[in-house]
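Work through the exercises below with the sequence and the model open. Each task is followed by its solution.

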Amino acid sequence: MERVTHQKKAMPKQRALATPSAVLALVAPALAQEEGSRDLRGSLNFQGRYLVSVQDADMVASAYVNGALGPREGKDTLAVIPLDGDPRSWEAAEIFASNSVAGPPAAVDITPDGRFAYVIETFTPRPENDEPHTFGDMSIGEVLSIFDLAEPSAPKVVGKIKIPGRPQSVRSNATGDLLAISYSFQGGGGAETPLQIFPINNDGTLGEPTSPEIPGWSLGKGELIDMAWHPNENILALADRFGNTLRFGRVTSDLTLEMFGNVVDIERTPFRVFFTPDGNHVVANALYWGSDIAGTWIEAPKGGIVTVRMNAETRDDGSVRHAFVDHVKTGVSPEGLAVSPDGRWVATTNLERSYLPYDDERITWWSSITLARLDQDTGQLQEVGTFNYDGVLPEAAVFDNSGDYLAVATYDHFDDRKTGGSIDFWRIQADPLDLDNVQLIKTEHSVPVARGAHSMVIAR
């Protein structure tokens with residue numbers, strides 16, 4: 001597909017509310033200066049051990065719309081970016097890892113100690129030739145790849161196993177001894193089992209899985225798009241994309257699933273879920289996609305962030321009730337979701353319509369990031385703002401350990417002279433003379449990766 005370069009349109013400056021106590025800490029990090037640097041504006045104090053992302057190099061972003069994969073640009077990769085030394089020298093160590101962007105941005109996870117990474121193959125790679133290809137030329141994926149990250153600058157594959165077709169998301173529990181994988185029923189293994197749970201061995205390999213029944217789940221109707229492990233217990237929060245619901249299940253010692261409390265109705269088309277760091281709330285995004293939307297997702301309205309309180313009430317019979325708490329609006333198609341490790345912030349990466357073919361009049365020549373303040377005690381949300389930037393299809397983001405910075409996976413760029421994707425770094429900063437004015441600012445720091453960055457986690 002021929003692609004041309006266009007200038008990004010200027011977008012209005014965003015402004016948001018904040019309380020002085022919540023933002024005073026945001027002023028100092030932006031003033032921190034790297035030793036030997038005279039560019040205070042470009043300084044970066046992004047804290048963590050390394051970032052891990054996966055890249056689907058098989059298709060240009062517009063294949064979502066017209067099915068044309070576009071020109072070949074390398075192979076799928078897993079990238080590891082060590083976060084030590086001068087940020088201006090950071091680079092990605094990449095290794096082949098079959099994966100696909102055609103699913104939630106939950107195709108990679110790591111054990112809590114950061115030693116092992118797991119990558120699911122939702123669809124197989126494109127055929128090994130340079131002929132024009134369409135999305136239909138790729139088959140349903142059924143491979144899970146295991147990587148050893150003992151040396152982050154030199155990741156190595158240590159195993160591949162066959163799993164049911166079309167996995168959706170992969171998540172390790174807080175103690176690093178269980179791995180959960182969800183499956184799509186649309187041409188995939190989810191028609192028989194939407195969920196598998198694997199024991200994780202000490203060497204990162206996996207034991208025999210169970211396929212626990214999810215009580216009340218309708219096979220062939222519900223879509224287990226994502227799940228999240230509780231930070232302190234083996235409880236899973238399970239998001240049904242088609243049912244627009246969230247339910248909780250306790251994983252037993254024999255790896256079966258006991259439902260825990262009521263099913264909660266949440267907003268339309270949830271895509272990712274995370275517990276808050278204290279485990280009291282679940283945060284989910286809402287894409288507002290559907291068969292009654294023009295193009296299913298192309299002309300979707302603005303999306304949202306929702307919170308659900310777990311154990312909101314214990315009834316007389318001992319059962320628990322979970323409760324919907326709050327919501328705020330985001331940009332359009334907020335596929336990616338991140339919660340800061342201190343529970344202060346929530347961010348979504350919004351595709352907008354950046355992925356449309358360049359000759360489609362509906363295209364937006366920008367994507368965006370929405371930042372919201374989270375009260376971890378109550379689950380209340382407060383929108384800070386939606387911040388536009390020049391990038392294509394940002395599907396994932398993670399906060400650093402301080403919660404003052406955000407890494408964003410950018411799938412591709414409008415300027416075709418810039419090959420590949422990138423991991424871009426943003427900072428949260430308050431105006432010292434107007435503490436109500438909190439901004440999310442894209443820094444000049446960026447690490448190139450293969451085209452197609454779409455899922456990302458951080459080793460803390």
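Rings of Phe, Tyr and Trp (its six-membered ring) count as a pair if their centres lie within 6.5 Å; planes over 60 degrees apart make the pair edge-to-face. The model is predicted, and it holds 13 aromatic pairs.

**Exercise 1.** Classify the pair Y64 and Y355, and state which parts of the chain the pair ties together.

Solution. Step one: the ring centres are 6.1 Å apart. Step two: the planes stand at 80°, so the pair is edge-to-face. Step three: Y64 belongs to helix α2 (residues 63–66), while Y355 is in the loop between β21 (345–350) and β22 (367–374); the pair therefore ties together parts 291 residues apart in sequence. Both residues, Y64 and Y355, are buried. They also belong to one aromatic cluster, formed with F271, W289 and W297.

**Exercise 2.** What kind of pair do Y358 and W365 form?

Solution. The centres of the two rings are 5.2 Å apart. Their planes are at 65°, so Y358 and W365 are edge-to-face. Y358 and W365 are both buried.

**Exercise 3.** Is T364 buried or exposed, and which residues is T364 in contact with beyond its neighbours within four places in sequence?

Solution. Locate T364 in the loop between β21 and β22. Its relative accessibility is 4%, and buried means under 20%, so T364 counts as buried. With those neighbours left aside, T364 contacts E352, R353, S354 and F414.

**Exercise 4.** Over which rings do the residues R171 and R250 lie?

Solution. For R171, the charged end sits over the ring of F274, 4.7 Å from the centre. For R250, the ring is that of F260, with 4.9 Å to the ring centre.

Technical notes
Residues are numbered from 1 along each chain as its sequence is written. This is a predicted model: local features need pLDDT of at least 70, side-chain atom pairs count only at pLDDT 80 or more; totals for chains, interfaces and linings use all residues. Side-chain values use heavy atoms; hydrogens and water are left out. Rings of Phe, Tyr and Trp (its six-membered ring) pair if their centres lie within 6.5 Å; planes under 30 degrees apart count as stacked, over 60 as edge-to-face and the rest as tilted. Helices (H or I, at least four residues) and strands (E, at least two) are DSSP runs, numbered from the N terminus. Buried means under 20% relative accessible area, exposed over 50%, partly exposed in between (1.4 Å probe, protein chains only). A charge sits over a ring if NZ of Lys or CZ of Arg is within 6 Å of the ring centre and within 35 degrees of the ring normal. Contact means heavy atoms within 4.5 Å.
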